[in-house]
Amino acid sequence: MLKHVTFAGVFALFAGAASAQDASSVVATVGDTQITLGEMIIVRAQLPQQYRDLPVDVLFTGILDQLIQQQLLADAAGEEPGRVTYALSNERRTLMAGETINTIATAAVTEEAVIARFEEMTEGAAPTLEWNASHLLVETEEEAVAARERVEAGEEFADVARDVSTGPSGPSGGQLGWFSTGMMVPAFEEAVKLLEPGGLSGPVETQFGWHIVTLNDQRTQPLPELEAVRREIEAALQEEAIKARLTELEAASTVTRPEEGAFDPELLNNLDLLEPK
């Protein structure tokens, strides 16, 4: 009978066997311990990116060898140390929590929710006015007036700022870069708003000292497009959904916490407590 089996038939037999394999399929054994295909798949998924591009046959052999060697070493350890027991408990808790978080996060991000949040963010909003200014900072009004006169006489503002300014921007010629409403102290911001590009302010007093300000440029930033803030919106929706679900779960569960002083925080440093006496 065997001599009548065609190549196609043999291929079909192997294909059928492969399709019957699942995550619980035993790939190897070490003593009484089974190493399953599912365990190998998890190792493969957790590999650093530089290893994931290796040929799959190389990965299969390498992962299986690693798991076999780890099991041999694990068996040699004898009784499970306390630190392993507690670490496994934490790891299981972390993994199960991660599964729940993934489920919540995925459900929270729908196109309808994203669009609704975007419309909420932009409703009634207007394009943002931004300014690019330079300033010099001195201790007295008299010094500010004198510095302004030097600029009016033809000296470059940046040169005067580097010469007299006591502020951190002095070495860079007083350049402050772009800023919008609320980013500067009120008196300074009001002085900037009164200037036209290229204009020079009079002495402006703030809690830092006396300023002379020049407006380099101004621009209007348009409202963002949806795609520009999509990731920000999705992250916010996910965070809110996770926090809300945690609140619900804690309210529905009985959670006890230790009374103040019941445990010395220094106990966290005592690894000896992990092992039985």
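Trainee: Which residue does Thr29 stand opposite in E2?
Mentor: Thr29 stands opposite Gln34. This is a predicted model, where local features need pLDDT of at least 70, side-chain atom pairs count only at pLDDT 80 or more, and totals for chains, interfaces and linings use all residues. Residues are numbered from 1 along each chain as its sequence is written, and side-chain values use heavy atoms, with hydrogens and water left out.

Trainee: In what sense do E1 and E2 pair?
Mentor: Antiparallel, over 4 bridges. E1 covers residues 26-30 and E2 covers residues 33-36. Pairing needs at least two DSSP bridges between the strands. Strands (E, at least two residues) and helices (H or I, at least four) are DSSP runs, numbered from the N terminus.

Trainee: What sits between the strands of that hairpin?
Mentor: 2 residues. Gly31 takes a positive phi near 65° in this hairpin.

Trainee: New topic. Which residues line the largest pocket?
Mentor: Among them are Thr33, Gln34, Ile35, Glu39 and Val43. E2, helix H2 (37-45) and helix H4 (56-76) each supply at least two lining residues. On a 1 Å grid over the protein atoms alone, a pocket is an open set of points where a 1.4 Å probe fits, with protein on both sides within 12 Å along at least five of seven lines; lining residues have an atom within 4 Å of a point.

Trainee: And which H2 residues are buried?
Mentor: Gly38, Met40 and Val43. Buried means under 20% relative accessible area, with a 1.4 Å probe and protein chains only. Their cover includes E1, E2 and H4.

Trainee: Now His135. Buried or exposed?
Mentor: His135 is buried, because its relative accessible area is 8%. His135 lies in strand E3 (residues 128-138).

Trainee: What does its side chain make a polar contact with?
Mentor: The side chain of His211, at 3.0 Å. A polar contact is a pair of N or O atoms within 3.5 Å; within protein, one must be able to donate a hydrogen and the other to accept it, and residues adjacent in sequence count only if both atoms are side-chain atoms.

Trainee: Where is His211 found?
Mentor: In strand E6 (residues 209-221). His211 is buried too, at 4% relative accessible area.

Trainee: Last one. Where is confidence lowest?
Mentor: In helix H1 (residues 7-19), at a mean pLDDT of 43. pLDDT is the predictor's confidence in each residue, from 0 to 100. The protein chain averages 91. Where pLDDT is low, the predicted coordinates should not be read in detail.

Methods. Buried < 20%, exposed > 50% of the residue type's maximum accessible area, 1.4 Å probe, protein only. Contact = heavy atoms within 4.5 Å.
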